[in-house]
Amino acid sequence: VKFEGGKLPSSIGGLIHLRFLSLDDAGVSHLPSSMRNLKLLLYLNLSVAIGEPVHVPNVLKEMLELRYLFLPWFKHDKTKLELGDLVNLEHLWSFSTQHSSVTDLLRMTKLRHLSVSLSERCTFETLSSSLRQLRNLETLYLDFSPKTNYVGELVLDFIHLKELVLTVRMSKIPDQHQFPPHLEHISLFNCGVEEDPMPILEKLLHLKSVKLTFEAFVGRKMVCSKGGFPQLRALKIYKHSELEEWIVEEGS
């Protein structure tokens, strides 16, 4: 729905018993401060139309019962959203270090699903220290600024992590021991990996699906060797203009 002037009416704050509110793909560019009254919300989706900047008052910190939070892709201003008190969150999507502090994640130890977009000012080291306590993570989406080049080590040893999506510039992917031990699904987008990722990925014994899309790999030759990928069910290779040769050995 489209609201007049893109403003969600302030009367929304009168629905004090509301548990569920979704503005997914709505024509909203301004949220009222009266939303601070919605203290019983469990689910809040602020994924308004992509490309539409939205004004979000700093009231989310008061919604202490939230379990599911989908933040907007774009904000009008640089004001930081304070989210550190949302310790009951289990799903957090479109979290951006441009709009919130990565240290807000420290206390969200119940998080199971997390999507993070990182600005060039945030390093892997800063991120790692903030994610270290999130031992219950099952799904992690990491999107680094396109200007940031991956250097150093990325260790994601979350014991419960099943799905990992990386949009990170890096010349080679991490070694297999740096990936979660029970990882089942991995997706690499626009990573610009120069070394064949298959010799590492095929050693992740629990993988069921692999997606390499939009120049995730920029080399010319890819080899899947015998005995690799023992549980793989799905492989997607899409938009790789440099790839000339793909060798799949018998038994892979």
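Mentor: Let's begin in the loop between strand 10 (221-224) and strand 11 (234-238), where Phe229 lies. Keep in mind that this is a predicted model.

Trainee: What is phi of Phe229 near?

Mentor: First, the general idea: most residues other than glycine have a negative phi. Phe229 isn't a glycine, yet its phi is positive, near 50 degrees.

Trainee: And is Phe229 buried or exposed?

Mentor: Buried, because its relative accessible area is 8%, and the cut-off for buried is under 20%.

Trainee: Now the cysteines. How many disulfides does a search of the whole structure find?

Mentor: The general idea is that a disulfide covalently joins the sulfur atoms of two cysteines. Here, searching the whole structure turns up 0 disulfides. Take Cys191: its nearest cysteine sulfur belongs to Cys224 and is 17 Å away. To count as a disulfide, the two sulfur atoms would have to be within 2.5 Å. Looking from the other end, Cys224 is in no disulfide, and the nearest cysteine sulfur is that of Cys191.

Trainee: Are Cys191 and Cys224 buried or exposed?

Mentor: Cys191 is buried, at 1% relative accessibility. Cys224 is buried too, with a relative accessible area of 3%.

Terms used: Residues numbered from 1 in each chain as written. Predicted model: local features only at pLDDT ≥ 70, side-chain atom pairs only at ≥ 80, totals over all residues. Heavy atoms only, no water. Helix = DSSP H or I, 4+ residues; strand = E, 2+ residues; numbered from the N terminus. Buried < 20%, exposed > 50% of the residue type's maximum accessible area, 1.4 Å probe, protein only.
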